Amino acid sequence: MKPVELSFWHERWERTEIGFHQQDINVHLQQFWNRLGLQSGQQVFVPLCGKSRDLLWLAGEGHPVIGVEISPIAVEAFFQENGLYPRRWQEGAFEIWEQDEVRILLGDYFALEPQHLADAAGVYDRASLIALPPAMRERYARHLDAILPSGIRTLLMTLEYDQTVLTGPPFAVSDVEVRALYEATHEIELLYTRDALSEESRWRDRGLTWLLERVYRLTHRSDQPLTAP
Ligand code: SAH
């Protein structure tokens, strides 16, 4: 089965094979979020959000949050496990689930249009880009550019390891690839790198000898018209 297929993700959720899900709020999110310089009240987009509790942390920082997720199991679990009672309604290609400051669009990320994200000012990408195989990552990055307002700021987390030892997801995404995907449209700053193997024994058990985790700030360049010399 190819991970590019949405059926792959539906089956992962049906079988609760969701090793990517974190019970705790992501430590890098808490440490680096303020580096984006977003104000409370500014909306944050979380692509491929799963049932991440990081959505609640962002909402707690005062950000209206908008996630997109293909699995109804994930979306229902998010609200139920956090004791929330969302409103639900259908809007075009998406079923929208919303409570207070958290809105999840249940549907395909690639069906999103600029109108859905017109108010977004920031993006939180943890286990989203790296969930996708190589050919889809290019499509994913171009689609982000197509649907987000200019000037957006992104906190991006990646993993890099020897892809010949393990197949993804999560896939290995190198620093070179991050730059190739985003440098035409964004300022790219590497905020943090660590060797994550020591704390992640499940990866060592699967044969990895190194595992780098990186955190980036991406700042979308506003499409300012060039001034005449
Ligand atoms: N960011 C989350 C989930 C990461 S796993 C976290 O940190 O926990 C990737 C998630 O993307 C899965 O929940 C999967 O169901 C979802 N997904 C994969 N392809 C998608 C698509 N095309 N549209 C929307 N969601 C998708």
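In which strand is Thr154 found? Select Thr154 to begin, and you will be in strand 7, which covers residues 153–160; helices (H or I, at least four residues) and strands (E, at least two) are DSSP runs, numbered from the N terminus. The model is predicted, so local features need pLDDT of at least 70 and side-chain atom pairs count only at pLDDT 80 or more, while totals for chains, interfaces and linings use all residues. Residues are numbered from 1 along each chain as its sequence is written, and side-chain values use heavy atoms, with hydrogens and water left out.

With a relative accessible area of 6%, Thr154 is buried, a term that means under 20% relative accessible area, as against exposed at over 50% and partly exposed in between (1.4 Å probe, protein chains only). Not counting residues up to four places away in sequence, Thr154 touches Leu36, Val123, Tyr216, Arg217 and Leu218, where contact means heavy atoms within 4.5 Å.

Next, select helix 1, residues 6–14, and colour its buried residues, which are Phe8, Trp9, Arg12 and Trp13. Seen down the helix axis, these buried residues fall within an arc of 130°, so they line one face of helix 1; the arc is that of the directions from the helix axis to the C-beta atoms. The buried residues of helix 1 pack against strand 2 (65–69) and helix 4 (72–81). After helix 1 comes Thr16, with a positive phi near 55°.

An N or O atom in the side chain of Trp13 is 2.9 Å from an oxygen atom of the ligand, a polar backbone atom of Leu48 is 2.9 Å from a ligand nitrogen, and a polar side-chain atom of Glu69 lies 2.7 Å from a ligand oxygen. Of the 580 Å² of accessible area that the ligand has on its own, the protein covers 97%, with areas from the Shrake-Rupley method and a 1.4 Å probe.

At 4% relative accessibility Tyr109 is buried, and its contacts beyond four places in sequence include Phe45, Leu48, Val68 and His143.

Helix 4 is the next selection, with Ala74, Val75, Ala77, Phe78 and Phe79 buried. Those residues pack against helix 1, helix 3 (54–60), strand 2, strand 4 (94–99) and strand 5 (102–106). At the start of helix 4, a side-chain oxygen of Ser71 reaches to within 3.2 Å of the backbone nitrogen of Ile73, and helix 4 is followed by Gly83, whose phi is positive, near 65°.

Finish at Arg87 in strand 3, residues 87–91, which at 53% relative accessibility counts as exposed. Leaving aside neighbours within four places in sequence, Arg87 is in contact with Ile96, Trp97 and Glu98.

Conventions
A polar contact is a pair of N or O atoms within 3.5 Å; within protein, one must be able to donate a hydrogen and the other to accept it, and residues adjacent in sequence count only if both atoms are side-chain atoms.
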